[in-house]
Amino acid sequence: MSRSVVPETLHSPWRGYQVGLGSVLAFTGLATFTSPHISSYVVAAGLLAVGLWCAVQASRSGVLISPEGLVHRGMGSSRSIAWEEIADIRIESAAGKGGPSSMTVLVLVDETVVALQSLAGYRGRSDNARVERQTARLREIWQQ
């Protein structure tokens, strides 16, 4: 069953930093091609490839909402989930490498838990408020 929703994408504010880091790596790779040493071309190509991959993946990351369901795009992974597959949408806390975080979690009908890591909040109250707003938006559409 599809929902009456205009397609939209929810993003994390960290997305901009990830795109920036990828761009810096790519530009560093380009600058390294000016070196006269042949061995620097391998390093340059590696930096350019990794930088471009990071920038493209980060720019696409987030949760794409459509009438049929949602697509969670992370760094290097993507998963489509139909609205009918979702049994619950909630916020959970986790202690990650970047410090404590809160993130939207989907519990599927088959009891699989899917953490929407591309929407995680790591900073504090303002970021938690964003996670709460995004979770509320997903819940609103899901409950239609």
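Select F27, L30, F33, I38 and Y41 to display a nonpolar surface patch of about 520 Å². Patch members have over 30% relative accessible area and no salt bridge, and nonpolar side chains are joined within 5 Å; areas come from the Shrake-Rupley method with a 1.4 Å probe. The model is predicted: local features need pLDDT of at least 70, side-chain atom pairs count only at pLDDT 80 or more, and totals for chains, interfaces and linings use all residues. Residues are numbered from 1 along each chain as its sequence is written, and side-chain values use heavy atoms, with hydrogens and water left out.

Remain on Y41, which lies in helix α2 (residues 39-60). Y41 is partly exposed because its relative accessibility is 33%, between the limits for buried (under 20%) and exposed (over 50%).

Next, select S102 in strand β6 (residues 99-108). S102 is buried, at 7% relative accessible area. Its side chain makes a polar contact (N or O atoms within 3.5 Å, one able to donate a hydrogen and the other to accept it) with the side chain of N128, at 2.6 Å. Beyond four places in sequence, the contacts of S102 (heavy atoms within 4.5 Å) include I91, E92, A120 and V131.

Terms used
Patches are made of residues with over 30% relative accessible area and no salt bridge: like charges are joined within 9 Å, nonpolar side chains (Val, Leu, Ile, Met, Phe, Trp, Tyr) within 5 Å. A salt bridge is a side-chain nitrogen of Lys or Arg within 4 Å of a carboxyl oxygen of Asp or Glu. Helices (H or I, at least four residues) and strands (E, at least two) are DSSP runs, numbered from the N terminus. Buried means under 20% relative accessible area, exposed over 50%, partly exposed in between (1.4 Å probe, protein chains only).
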